[in-house]
Amino acid sequence: MERIENTVATRTGATTAASGGDEDEVDLIPVRTYWMLVRQRFLQHRLAVIALFLMAFLVAIAIIVPTLTGDAYTKTSLSKAMQPPSLSMPLGTNQIGQDMFLRLMKALQTSLFIGFMAVVIIGLIGVTLGALAGFYGGWVDNVIMRFVDVILSLPVFFMILIIVAVLGKGSALVVVIAIGLTGWTLACRLVRAEFLKLREADFVQAARALGASNRRIIARHILPAALAPVVVAATLGIADSVVAEAALSFLGFGIKPPTPSLGSLIASGQQFPQKWWITVFPGLTLLVIVIAINFVGDGLRDALDPQQRRVRA
């Protein structure tokens, strides 16, 4: 009898020890949140990571160089006009002897500022209207979406031209407002779709049962879960805004001289096709911005996709 009791006690102790060991092993497994998984998936997208560093570099030099050089980009020297790239002038000079490197850095600063600020306006308008349409539905949804349909039926670029012409061309603020007022429809539709999907979710019903107001439910519960596609759309919207501003400046409806932009620099070289450096470097800069932002957007889209939550080994 004592031998049986000892055997049972030994097996019980072994089982307990094994269970404790498993629990310790489980406790050692790090808990990864959704945003930790997003970061890990994004870092696995090599082109997106390279593009992100490239964009960070462009933003840095667009801030640092014009800040350090001040208004040196406006200084002229006719004796140095149309000089090709050299050690003293890395990107050459234009027809009135202005340093193209300094002008390109100022143009990069102007174009990126317009791109980022336009996306802020696009996000504010699109997210607000999309959240209201998706959460309340009914006549609110019908009114907002019919307004979206009207905006989509109009030629966007000509609308931008009209707004710039009415408000006064030549100002960066006017260009930002024009692009922002015409580019919010995609963000609105994305947020509306997410809100329609999430407004009947269990966590939203639980918040309602606890007495949360509609404003709190929208801002604290649904909106954070609906922002993933908006982040991707906003990232790609920066490239669209930069291209739109370059097109406006190329046509003479954008930034007013002497402040340069990428579009105005490209336009200034059309009169001198043999002086390739006046057009090539601004054009390449615009191309690099668009490609880099698109790669970052692709990486964010893959990282934020709920269907890819299982991280690859």
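**Surface patch, aromatic pairs and a helix**

Modeller: In this predicted model, a nonpolar patch on the surface is formed by Trp276, Val280, Leu284, Leu287 and Ile291, which together have about 440 Å² of accessible area.

Colleague: Why is Leu284 called partly exposed?

Modeller: The relative accessible area of Leu284 is 45%. Leu284 is found in helix H13, which covers residues 277–304.

Colleague: Which aromatic pairs does the model contain, and how many are counted?

Modeller: The count comes to four aromatic pairs. One of them joins Phe147 and Trp184.

Colleague: Why is the pair of Phe147 and Trp184 called stacked?

Modeller: A pair of aromatic rings is described by the distance of the centres and the angle of the planes. For Phe147 and Trp184 the centres are 5.7 Å apart and the planes stand at 25°. The centres must lie within 6.5 Å, and planes under 30 degrees apart count as stacked, so this pair is stacked.

Colleague: What parts does the pair of Phe147 and Trp184 tie together?

Modeller: Phe147 lies in helix H5, while Trp184 lies in the loop between helix H7 (172–182) and H8, so the pair ties together parts that are 37 residues apart in sequence. Phe147 is partly exposed at 44% relative accessibility, whereas Trp184 is buried at 4%.

Colleague: Why is the pair of Trp276 and Trp277 edge-to-face?

Modeller: The ring centres of Trp276 and Trp277 are 5.8 Å apart and the planes are at 85°. Because an angle over 60 degrees counts as edge-to-face, the pair is given that name. Trp276, Trp277 and Phe281 form one aromatic cluster.

Colleague: How do you know that the span of helix H8 is close to the expected one?

Modeller: Helix H8 (residues 185–198) has 14 residues and reaches 20 Å from its first C-alpha to its last. The expected value, at 1.5 Å a residue, is 20 Å. Among the buried residues of H8 are Cys188, Val191 and Phe195. The cover over the buried residues of H8 includes helix H4 (100–136) and helix H11 (228–251).

Colleague: How many helices and strands are there in the protein chain?

Modeller: The protein chain has 13 helices and zero strands. Buried residues make up 39% of its 313 residues.

Definitions and conventions:
Residues are numbered from 1 along each chain as its sequence is written. This is a predicted model: local features need pLDDT of at least 70, side-chain atom pairs count only at pLDDT 80 or more; totals for chains, interfaces and linings use all residues. Side-chain values use heavy atoms; hydrogens and water are left out. Patches are made of residues with over 30% relative accessible area and no salt bridge: like charges are joined within 9 Å, nonpolar side chains (Val, Leu, Ile, Met, Phe, Trp, Tyr) within 5 Å. Accessible areas come from the Shrake-Rupley method with a 1.4 Å probe; for residues, only the protein chains shown count as cover. A salt bridge is a side-chain nitrogen of Lys or Arg within 4 Å of a carboxyl oxygen of Asp or Glu. Helices (H or I, at least four residues) and strands (E, at least two) are DSSP runs, numbered from the N terminus. Buried means under 20% relative accessible area, exposed over 50%, partly exposed in between (1.4 Å probe, protein chains only). The expected span of a helix is 1.5 Å times one less than its number of residues. Contact means heavy atoms within 4.5 Å. Rings of Phe, Tyr and Trp (its six-membered ring) pair if their centres lie within 6.5 Å; planes under 30 degrees apart count as stacked, over 60 as edge-to-face and the rest as tilted.
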